[in-house]
Amino acid sequence: MERIDLAKTSLRELNQFLHHEVRKKKIKHVEVINPDGAHSIAAGVDAPVKIDIRGHTGYYCAGMNKQAEITVHGNAGPGVAENMMSGLVHVKGFASVSAGASGHGGTLIIDGDASLRCGISMKGIDIVVGGNVGNFSAFMAQAGTLVVCGDAGDHLGDSLYEAVIYVRGKVKSFGADAREEPMTKADEKKLAELLDKAGLKYKPKEFKRIASAKSLYNWNADANQEY
Amino acid sequence: MCGIIGLLVKRPDLRSQLGDWMVPILIGMTERGPDSAGLAAFTDRSKGDSLKYSLYADDPDFDWKRLETSFKKHLGSKIKLGVQDNHALLVTHLEPEEVRTWLHEHFPGVHVLSVGKVMEVYKDIGTPAEIAEKYDFQDLEGSHVVAHTRMATESAVTPDRAHPFTAGRDFCLVHNGTVSNPNSIRRMLEPRGIHFDTDNDTEAVCRFLEWRMREGDSLEKALQHGFAELDGFYTLLMGTKDKLALVRDAFACKPAVVAETDDYVAIASEFHALAHLPNVNKARIFEPQPEQIYVWNA
């Protein structure tokens, strides 16, 4: 295992190490200490490496991640795992706004709460939040799954496309075109897999399914802009 | 973009730490606000019915001694004047109306940054590190401080447009964000006799809230009116003689992180600026929720 101390090493050196050395030398495990809220830690990694970050991170931690399994042993700032392609990002504390934004693939697990706009414009990522999510979560979400074990804020799933949301607690309000639908066997199976992956003991039956009513898919001139 | 900084020490024996703890947070917010910086510190209470006036002179070589002598001669009143570069703290029992009018007539290049029993304001253009050094921020002692690093987006980079803004007595406000309707707020307030010093959007927010409080609102009630009236993005941090208050707009686009221990409450736009505070690893760390009012008592 390689240990990198961000109190002694610059962020650029760390990320260059993760981008080049890790691939070249096929390093399997890296530990980052003293992250102290620095931005863009482990952004753009493309290698099957396990990265443990011991502390809190700033903006865009693990952004664009491919293959890597990244754990933040603390809280994550805005845009954690934004645009993730594959791999796993696990935040042990809470995540700030726009967690998993535009994510194409992989899994993002947040043990605590996620702030506003969690999963905004997600394109295939699976996000599991152990706590609550803030307003406008899954806004314009195109594909993938958002699992919320706590409550959801206002305007959940506004202008939703094909992504599916599962919420265990209360939803303060639905966004335009988002609606509750009956759970199917396929939903329960998918949900059970994700809860298991996140190490959460909840039962799929405790959740409700929220998906797009698809009434915004085609332009309706008679709607008079009232959505 | 801008950086906001708040620090409140909970134990009186830690008041001497205020400057030492605050300066690294301020400098940590340089990337968010490299063009100007400033702070309002809540320090010793002025004696009896006297008031503290924080003054700023346009001329860096301004002769403060001349102002002191002239003040005594014209107004027949003794003053205490603590000079810190082109800032000075004037202590007098004279009322703001009289002091402002006199300054305007005799020293038009000297501006009143704040009036109060407890609050002192320093603000200028330059990097946070330069300003902290120029005005000895390290040595500040007191119960709480509200500070700001500015990256101007809507009005010019000048000392008077740096934050904090103040209105009334012992009230200050710093802002990260942009308010879209400052002019309609001005048009509402100016006919009520409220004077504006600059064209800055934050000044409109500051004067609006202070006006609500003069109309009888509590700080919390004034902020509720603010949610209805202010259009735009904002994270606001405010100081009164005995309170530190924090709010974010409904969309919470402008960041803030709070770290609270038994010894202090520290607020910054980003966590990294707080990472070096003593015992921050044991602090309760959270992000303020949109449209929730957070108030700490000094």
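## How α6 and α7 of chain B cross

In this predicted model, the crossing of α6(B) and α7(B) is right-handed (left-handed would have the near helix turned anticlockwise from the far one by less than a right angle, right-handed clockwise). Helices here are DSSP runs of H or I with at least four residues, strands are E runs of at least two, and both are numbered from the N terminus. Helix α6 spans residues 201-214 and α7 residues 219-229 of chain B, and they pack at about 130° with axes 9 Å apart. Axes are lines fitted to C-alpha atoms, for helices over the stretch in contact, with angles from 0 to 180 degrees between N-to-C directions. The pair is therefore oblique: under 35 degrees is roughly parallel, over 145 roughly antiparallel, 65 to 115 roughly perpendicular, and the rest oblique.

Residues touch when their C-beta atoms, placed from the backbone, lie within 7 Å. On α6(B), that's B:F208, B:L209, B:R212 and B:M213; α7(B) brings B:L219, B:A222, B:L223, B:H225, B:G226 and B:E229.

## Two domains in chain B

Chain B splits into domain 1 (2-41 + 119-297) and domain 2 (46-117), with bounds from an automatic or database domain assignment. Their centres, over C-alpha atoms, sit 24 Å apart. In the contact, 16 residues of domain 1 of chain B meet 13 of domain 2 of chain B. Strand β7 (residues 119-125) of chain B gives the most to the domain 1 side, five residues.

## Chain B against chain A

Nine residues from chain B and 13 residues from chain A make up this contact.

## Reading notes

Residues count from 1 along each chain as its sequence is written, and chains are lettered from A and ligands numbered from 1 in the order written. As a predicted model, local features need pLDDT of at least 70 and side-chain atom pairs count only at pLDDT 80 or more, while totals for chains, interfaces and linings use all residues.

Terms used. Contact = placed C-beta atoms within 7 Å.
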